[in-house]
Amino acid sequence: MDAKDAAKIEAGFAKMSLGSARRHVFLCPGPECCAGEAGQASWEALKAACKAQGAATLRSKADCLRVCAGGPWLVVYPEGTWYGQASPERVERIVREHVVGGRPVAEWVVRTQPLAGAATPGPAGQ
Ligand code: FES
């Protein structure tokens, strides 16, 4: 990796506030698990809710989370909490109560599955 790439990588990490993130949220906006328009509305709601509520989280739009029915799907790590039918209204509450507040919205949780493996240190021991 050259110095230019290294600088871009560090800038990317800084931009996403990697060092202060407490959670990572993935959302699949379809098109197999839900209509693409509905999924896109949920993605926009996720971005807006995270911004409005100052959520210390990373968020990623997943191309597919491999469930492919009952979406949009939203997953919160490190808890491994899977929410189906994550409509914009549900997304706002999930962000408020779970992503920010730390309490999963139990009635909408379809599965809780933390990752089985232990954390692996990076090359710099991070
Ligand atoms: S398209 Fe959403 S889980 Fe596969």
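Biologist: How do the axes of H2 and H3 cross, and within what distance do they come?

Modeller: The axes of H2 and H3 come within 8 Å and cross at roughly 30 degrees. That makes H2 roughly parallel to H3, where angles under 35 degrees count as roughly parallel, over 145 as roughly antiparallel, 65 to 115 as roughly perpendicular and the rest as oblique. Axes are lines fitted to C-alpha atoms, for helices over the stretch in contact, and angles run from 0 to 180 degrees between N-to-C directions. This is a predicted model, in which local features need pLDDT of at least 70 and side-chain atom pairs count only at pLDDT 80 or more, while totals for chains, interfaces and linings use all residues. Residue numbers start from 1 along each chain as its sequence is written.

Biologist: And what does H mean here?

Modeller: Helices (H or I, at least four residues) and strands (E, at least two) are DSSP runs, numbered from the N terminus.

Biologist: Is the crossing of H2 and H3 left-handed or right-handed, and which residues make the contact?

Modeller: H2 passes H3 in a right-handed crossing. On the H2 side the contact is made by Ala41, Ser42, Ala45, Leu46, Ala49 and Cys50, and on the H3 side by Pro88, Val91, Glu92 and Val95. A contact needs C-beta atoms, placed from the backbone, to lie within 7 Å. As for handedness, a crossing is right-handed if the near helix is turned clockwise from the far one by less than a right angle, and left-handed if anticlockwise.

Biologist: Change of topic. What is the strand order in the sheet?

Modeller: The sheet is open, has five strands in the order S2-S1-S3-S4-S5, and its pairing is mixed. Strands S2 (57-61) and S5 (109-112) are at the edges with a single partner strand each, so one side of each has no neighbour in the sheet. On average, neighbouring strands are turned by 20 degrees against each other, direction ignored. Two strands count as paired if DSSP finds at least two bridges between them.

Biologist: Is S3 largely enclosed or largely in the open?

Modeller: Four of the five residues of S3 are buried, so S3 is largely enclosed by the rest of the structure. Buried means 20 or more other C-beta atoms within 10 Å of a residue's own, exposed means 12 or fewer, and partly exposed is in between, with C-beta atoms placed from the backbone.

Biologist: Which strands do H2 and H3 lie on?

Modeller: Helix H2 (residues 36-52) lies across strand S1 (23-28) and S2, at about 160 degrees to S1. Helix H3 (residues 88-100) packs on the sheet and touches S1, S2, S3 and S4, with its direction at about 10 degrees to that of S3.

Biologist: What about H1, how many of its residues are buried?

Modeller: Zero of the 13 are buried, so H1 lies largely in the open. Helix H1 (residues 3-15) reaches 18 Å from its first C-alpha to its last, close to the 18 Å expected at 1.5 Å a residue. That expected span is 1.5 Å times one less than the number of residues.

Biologist: Where are the cis peptide bonds?

Modeller: One runs from Gly30 to Pro31, with omega near 20 degrees, and Pro31 is in the loop between S1 and H2. Another joins Tyr77 and Pro78, with omega about 25 degrees; Pro78 sits in the loop between S3 and S4. Most residues other than glycine have a negative phi, and most peptide bonds are trans.

Biologist: Which residues other than glycine have a positive phi?

Modeller: Among them are Ser17, at about 55 degrees, and Arg66, near 70 degrees. Ser17 is in the loop between H1 and S1 and is exposed, with 11 other C-beta atoms within 10 Å. Arg66 is in the loop between S2 and S3 and counts as exposed, with 10 C-beta neighbours inside 10 Å.

Biologist: Last one: is Arg23 buried or exposed?

Modeller: Buried, with 20 other C-beta atoms within 10 Å of Arg23. Arg23 is in strand S1 and touches Thr57, Val76, Tyr77, Pro78 and Val99, leaving out residues up to four places away in sequence.

Methods: Contact = placed C-beta atoms within 7 Å.
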